[in-house]
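Please open the model in your viewer and keep the selection tool at hand.

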Amino acid sequence: MSADHREQQPGRQGSRIDPYVGRYAHRAQGMVASEVRALFAVASRPEVVSLAGGMPNVGALPLDQIGELIRDVVAEEGPTALQYGSAQGDPVLRELLCDYMTQEGVDASPDDVIVTVGSQQALDLITRVFVDPGDVVLCEGPTYVTAINTFAAFQADIRHVSMDDQGVVPEELDEALTRAEREGRRVKFFYTVPNFHNPGGITMSGQRRARVIEVCERHDVLIVEDNPYGLLRYEGEAEATLYSQGSGNVIYLGSLSKTLSPGLRIGWALAPAPVRAKLVLAAESAMLSHSMFNQLVVRRYLKTFPWREQIKVFNAMYGERRDAMLGALEAMMPQGCTWTRPQGGFFVWATMPEGIDVKAMQPRALAERVAYVPGTGFYADDRGRSDMRLSFCFPTPEEIREGVRRLSGVVENELDLRDTFGSTLVPPTAGSQAPAPDLS
């Protein structure tokens with residue numbers, strides 16, 4: 001058998017040819033390996049300072065106490081913890097999640113909560129329930145990368161609405177909805193991350209929130225409010241959630257991945273009763289039931305552990321790292337660079353001077369042992385080539401300062417190349433629907 005023939009055999013290790021390519025559903029054609037997965041393989045090397053990933057620092061948890069809590073679940077609730085559960089989620093956990101949401105002024109009934117595998121599954125279920133191929137989904141520009149992947153997987157027409165330092169621009173949201181109506185297109189929902197936006201680090205102002213609700217209600221469009229970072233605030237006062245201000249047109253997504261552990265995979269959706277019922281049916285078909293073990297661990301954590309104090313510990317740690325990032329950017333980055341100043345969350349959105357292609361610069365940054373995420377991954381089209389997302393949640397303050405020092409040197413070199421040879425910035429390709437990277 002020839003080497004070429006062996007490469008085409010299904011299941012052979014090292015095969016580079018997919019013999020099933022003609023059998024996949026049309027929606028699977030865009031499911032390609034993320035360019036950022038390769039980046040993370042490099043960024044995880046000990047000599048590289050990674051300002052790329054949004055991994056929480058779970059080392060700040062009292063792991064001995066968490067271990068004891070898990071042992072107690074097995075010892076005292078093992079037969080239940082190791083059994084099947086409900087697709088809607090454990091009733092007691094849903095009550096505790098409602099108590100958790102009161103920290104941000106959300107008044108919810110456990111009956112309207114569905115527990116999910118992180119808030120990402122909630123987003124998948126919502127898209128599955130609402131979006132037909134060709135339906136329009138509006139989201140901020142830039143937006144959360146895996147939301148783009150989800151919407152694209154269900155063949156949505158993804159359209160971005162611009163942001164400024166107060167959040168999404170309501171006039172542009174209104175215009176995007178009006179334009180879709182003129183085209184006879186169905187807008188199924190507007191997806192937003194209003195608190196400490198991923199990737200932008202921006203918090204939507206109270207005035208903007210009221211306008212967004214008014215615009216969406218006038219156009220009879222749902223709002224999907226994704227709020228994984230809301231309790232990770234380092235300065236300023238909390239804004240009321242869109243859910244608490246809306247009149248039934250908001251689906252609220254929450255997660256414990258950032259305030260407890262991403263490994264436990266506990267998120268939830270809070271939705272109007274008819275929508276919640278559809279989400280439960282979709283969850284049953286997707287995975288039958290959730291992990292009862294994980295739910296009972298989290299249930300015991302929320303019932304017995306001083307989790308509000310633990311969030312204060314996280315906020316002190318992340319706040320110090322945020323300050324290290326902003327201070328280093330201010331002290332070291334070349335003139336012409338700008339960046340957001342988040343009040344909480346994990347991310348800073350930085351924009352380079354005119355003519356700098358951040359994606360083209362990435363290999364040279366990795367050669368200097370610093371990693372970031374290019375802005376192109378946060379758009380469904382090819383925008384964002386001058387932008388990058390910088391994460392401060394995982395590195396220590398010292399590592400952050402060293403990473404920014406390395407990054408500033410790379411940008412200085414790019415500016416010298418630009419001034420010598422001219423801009424290498426590639427203009428966006430109109431209508432491009434490039435697959436987005438898969439990362440937090």
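What follows is a list of stops, each with something to select and a note on what is there.

**Before you start**

This is a predicted model, in which local features need pLDDT of at least 70 and side-chain atom pairs count only at pLDDT 80 or more, while totals for chains, interfaces and linings use all residues. Residues are numbered from 1 along each chain as its sequence is written, and side-chain values use heavy atoms, with hydrogens and water left out.

**The whole protein**

Show the protein as a cartoon, and you can trace 14 helices and 14 strands; these are DSSP runs, with helices (H or I) of at least four residues and strands (E) of at least two, numbered from the N terminus. Of the 440 residues, 55% count as buried, where buried means under 20% relative accessible area, exposed over 50% and partly exposed in between, with a 1.4 Å probe and protein chains only. Switch to a surface view, where the protein exposes about 19,400 Å², of which carbon and sulfur atoms supply 50%; the area comes from the Shrake-Rupley method with a 1.4 Å probe. Among contacts (heavy atoms within 4.5 Å) between residues at least 6 apart in sequence, 76% join residues at least 24 apart.

**The largest cavity**

The structure holds two cavities of 30 Å³ or more. A cavity is a set of points, on a 1 Å grid over the protein atoms alone, where a 1.4 Å probe fits but cannot get out, and its lining residues have an atom within 4 Å of a point; the volume is the space filled by probe spheres set on the points, which are joined across faces, edges and corners. The largest cavity has about 80 Å³ of space. Select Tyr100, Glu104, Asn227, Leu231 and Tyr252, which are the closest to its centre among the 13 residues that line it. Helix H4 (91–101) and strand E8 (250–255) are the elements that give two or more residues to this lining, and E8 gives the most, with three. By class, the lining has seven nonpolar, five polar and one charged residues, where Ala, Val, Leu, Ile, Met, Phe, Trp, Tyr, Cys and Pro count as nonpolar, Asp, Glu, Lys and Arg as charged, and the others, Gly among them, as polar.

**The second largest cavity**

Next select Tyr100, Leu256, Thr259, Leu260, Tyr301, Leu302, Trp307 and Ile311, which line the second largest cavity. Helix H11 (292–304) and helix H12 (307–332) are the elements that give two or more residues to this lining. The space here is about 40 Å³, and the lining has seven nonpolar, one polar and no charged residues.

**The aromatic rings**

Rings of Phe, Tyr and Trp (its six-membered ring) pair if their centres lie within 6.5 Å, and planes under 30 degrees apart count as stacked, over 60 as edge-to-face and the rest as tilted. The count comes to twelve aromatic pairs.

Select phenylalanine 151 and tyrosine 191, an edge-to-face pair at 5.7 Å centre to centre with 75 degrees between the planes. Phenylalanine 151 is in helix H6 (residues 145–153) and tyrosine 191 in strand E6 (residues 187–192), 40 residues apart.

Then select tyrosine 229 and phenylalanine 346, whose ring centres are 5.5 Å apart with planes at 70 degrees, so this pair is edge-to-face.

Key:
On a 1 Å grid over the protein atoms alone, a cavity is a set of points where a 1.4 Å probe fits but cannot get out, and a pocket is an open set with protein on both sides within 12 Å along at least five of seven lines; lining residues have an atom within 4 Å of a point.
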